Amino acid sequence: LRKIREHELELVRQALGDQEQLPKEQVTHLFRDLGYVLWDAQAIAEAAQEAQIQEDQLDLSNLWRLLLMYRQREGMRNSELESIDAAFREEDLEGTGELTALEVPTAIRSLGYQVSFEAMQSVLRQVDVNDSGGVDKMQFRKVVRMLQECDAQLFLQAFDDEDLARLQAITFPSAIQAFCTTGLQSQSLDLPEFNDDGMLVRRDDFVRSCAAHAHQVREAIKRNGGWTDPEVNYLKLFFRKYDLDRNGRINKKELVQLVEDVVPEMAHERSMRPQLLSLMRSVDEESNGLNLEDFLKLMGLFRSFKDKERLRKEQWAIRDAGFQPQEVADFRELFLNSLENSEDMNYPTFSHMISGITPLGKSLSQELERMFHETCAPRHEADFPDFLLLMKTLLDKDFGNLREKSKKRLAKGRR
């Protein structure tokens, strides 16, 4: 961290050059040169105000104070920070000043971010450096900033894939093509108007336009109670499946079938009956059935319940496997990097990943497939806890000399 700050301080000195001061209107260029892809002029101005910097010409001392304040605020506007802090307080029901690994995803979803359970755990691992199992308000702000940076990297990659000549500018049709690969086009939004067809789109403008659209997506998700527009359209169809009499409500009889289909573990496990009844009362206080709004809320609660069960299963698998926190983090990155548009891993993907570490002949392939299906049964895919147990079994057996080869693979991944 000290070396990073020394490097940034040197860049600030270079930006000043022979000048003793930098005009305030040029500060945004400095932030861009420092690598702040999503720099925000209003956020910079508000950081300057909080740092009590009023001069129009900033010397090295003021520029450094501004940079530190901007970083402390995670590069966000006052309105963003207020929204993030409100989401934190909403989940911190006991007023402990910390959110658990289960509460953070719920708070993040309330801000409109769509992040898979495992990806969220990976981000939390990076923020919770002391393995306390929770994050405070400032760490929660950092989580949000990291998610924004992940989006920015996605947008940059989409642009660079079209910018084959590395000119930092692409044609308008190429910009539209790049935009379509970000996934934002599936969110019922118009394509961005970068400029007319004859103009080139600069890399910086492309990223900022995509970021603005991502913000619109998040606002739509917030309005929808944590669901994207396409998800709401799907859930409306799902709602109609159980609204048999088409009166716009799911009655008690219909609700029983819904629960059995969506969360069978709650429906059939007697010990979970009180928790199920509590969820039902929280969305249907008058016991007269669920309308669409109640239904969306209930599906959100079911999603949170599944997250809780997944976390419980993961904690059990970690204890059973005996892996250290860093090993778990390394395996999580290996797991996530092997997935394609899915939260779980099928056997072909798992086999391909293992064969990338150690060669698999016919005999080893057959043994690997048997172990995979035995571990995942009755499911046909491995979630992360299953993956940990599989890796534990393979390492204990030293499957295909996997111990030494996996150490090299994980060490390379950390670099």
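**Close-up views of a predicted model**

View A. Elements covering the buried residues of α7 include α6 (103–110), β4 (134–135), α8 (137–162), α15 (292–321), α16 (325–338) and α19 (384–397). Helix α7 spans residues 117–127, and eight of its 11 residues are buried, so the helix is largely enclosed by the rest of the structure. The buried positions are Phe117, Glu118, Met120, Gln121, Ser122, Val123, Leu124 and Val127.

View B. Glu314 belongs to helix α15. Its relative accessible area is 3%, and the residue is therefore classed as buried, the limit being under 20%. When neighbours within four places in sequence are set aside, Glu314 contacts Phe117 and Glu118, together with Arg332, Phe384 and Pro385. Both Phe117 and Glu118 are among the buried residues of α7.

View C. The 26 residues of α8 extend 39 Å from the first C-alpha to the last, close to the 38 Å expected at 1.5 Å a residue.

**View D. Lys405 in helix α20.** Lys405 is located in α20, which comprises residues 402–414. This lysine is partly exposed, its relative accessible area being 29%. Beyond residues up to four places away in sequence, Lys405 touches Ile357, Thr358, Pro359 and Gly400. Lys405 and Ile357 are 48 residues apart along the chain, yet their C-alpha atoms are separated by 6.3 Å.

Terms used. Residues are numbered from 1 along each chain as its sequence is written. This is a predicted model: local features need pLDDT of at least 70, side-chain atom pairs count only at pLDDT 80 or more; totals for chains, interfaces and linings use all residues. Side-chain values use heavy atoms; hydrogens and water are left out. Buried means under 20% relative accessible area, exposed over 50%, partly exposed in between (1.4 Å probe, protein chains only). Helices (H or I, at least four residues) and strands (E, at least two) are DSSP runs, numbered from the N terminus. Contact means heavy atoms within 4.5 Å. The expected span of a helix is 1.5 Å times one less than its number of residues.
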